[in-house]
Amino acid sequence: MISKILVPTDGSKAAQKAAIYAVDLATQLKASVIVMSVIDKRSFTGQTVPAAKTTRHLIAPVEDYLREAAEVYTGEIKKLCDKNAVQSKIIITAGHPVEDIVKEAVRAKVNLIIMGSHGKSALAAAVLGSVTYGVIHKDTKIPVLLVRK
Ligand code: ATP
Ligand code: MN
């Protein structure tokens, strides 16, 4: 029984396509949706070294800017849910996309994750994007549905 679906999005066209698919399925199943966007801290801080105190004042505005953008594209998906009378909520975190997506899926006990095969990256040659690859290789029992770009 699928009653709760997690829909991670980076605001890309591929993620948008996956979200439309997810809302359509949720409508048919009368399931609720969690729309999730992770502000990828790796993109603007050191990957392994935490940001130095001296650079934090430079990072904060970048994070705010990315959060505002995420509010817009997650909000659009929420509107689509509202239009279809699908119950939904938005979660925006800042961290590592794979870790945060899987953590939320487990925490909220979703029955399904629906995401794009690809995202924002221009490296379209890869079979799968790294966030998708990471999520499907995490050791959880939660099914993942990939929508091809
Ligand atoms: P890569 O980032 O590895 O260069 P890519 O951008 O083409 O490649 P992914 O990042 O794996 O591919 O994106 C695939 C899907 O993962 C997206 O369609 C979206 O559903 C989800 N996703 C990617 N990044 C995020 C994020 N920061 N927050 C939430 N969901 C994300
Ligand atoms: Mn990506």
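Analyst: Of the chain's contacts between residues at least 6 apart in sequence, 78% join residues at least 24 apart. A contact here means heavy atoms within 4.5 Å. This is a predicted model, in which local features need pLDDT of at least 70 and side-chain atom pairs count only at pLDDT 80 or more, while totals for chains, interfaces and linings use all residues. Residues are numbered from 1 along each chain as its sequence is written, chains are lettered from A and ligands numbered from 1 in the order in which they are written, and side-chain values use heavy atoms, with hydrogens and water left out.

The chain holds 4 helices and 5 strands. From the N terminus, the order is β-α-β-α-β-α-β-α-β. Both kinds of element are DSSP runs numbered from the N terminus: helices are H or I with at least four residues, strands are E with at least two. The radius of gyration is 15 Å, which agrees with the value near 15 Å for a compact globule of 149 residues. That radius is taken over C-alpha atoms, and the globule rule is 2.2 Å times the number of residues to the power 0.38. The C-alpha trace spans about 50 × 30 × 30 Å along its principal axes.

Of the 149 residues, 40% count as buried. Buried means under 20% relative accessible area, exposed means over 50%, and partly exposed lies in between (1.4 Å probe, protein chains only).

The part to examine is helix 2. Helix 2 covers residues 56–83, 28 residues in total. Its span from first C-alpha to last is 40 Å, close to the 40 Å expected at 1.5 Å a residue. The expected span is 1.5 Å times one less than the number of residues.

Which residues of helix 2 are buried? They are Ile59, Glu63, Ala70, Tyr73, Thr74, Gly75, Ile77 and Cys81. An α-helix has 3.6 residues a turn, so residues three or four places apart point the same way. The buried residues of helix 2 pack against helix 1 (13–29), strand 2 (32–40) and strand 3 (88–95).

Ala85 follows the helix with a positive phi near 55°. Ala85 is not a glycine. Most residues other than glycine have a negative phi. Ala85 sits in the loop between helix 2 and strand 3. Its relative accessibility is 71%, so Ala85 counts as exposed.

Gly11 lies in the loop between strand 1 (4–8) and helix 1. Gly11 is partly exposed because its relative accessibility is 36%.

Finally, a buried site in another helix. Thr132 belongs to helix 4 (residues 130–137). At 4% relative accessibility, Thr132 counts as buried. Leaving out residues up to four places away in sequence, Thr132 touches Met115, Gly116, Ser117 and Leu146.
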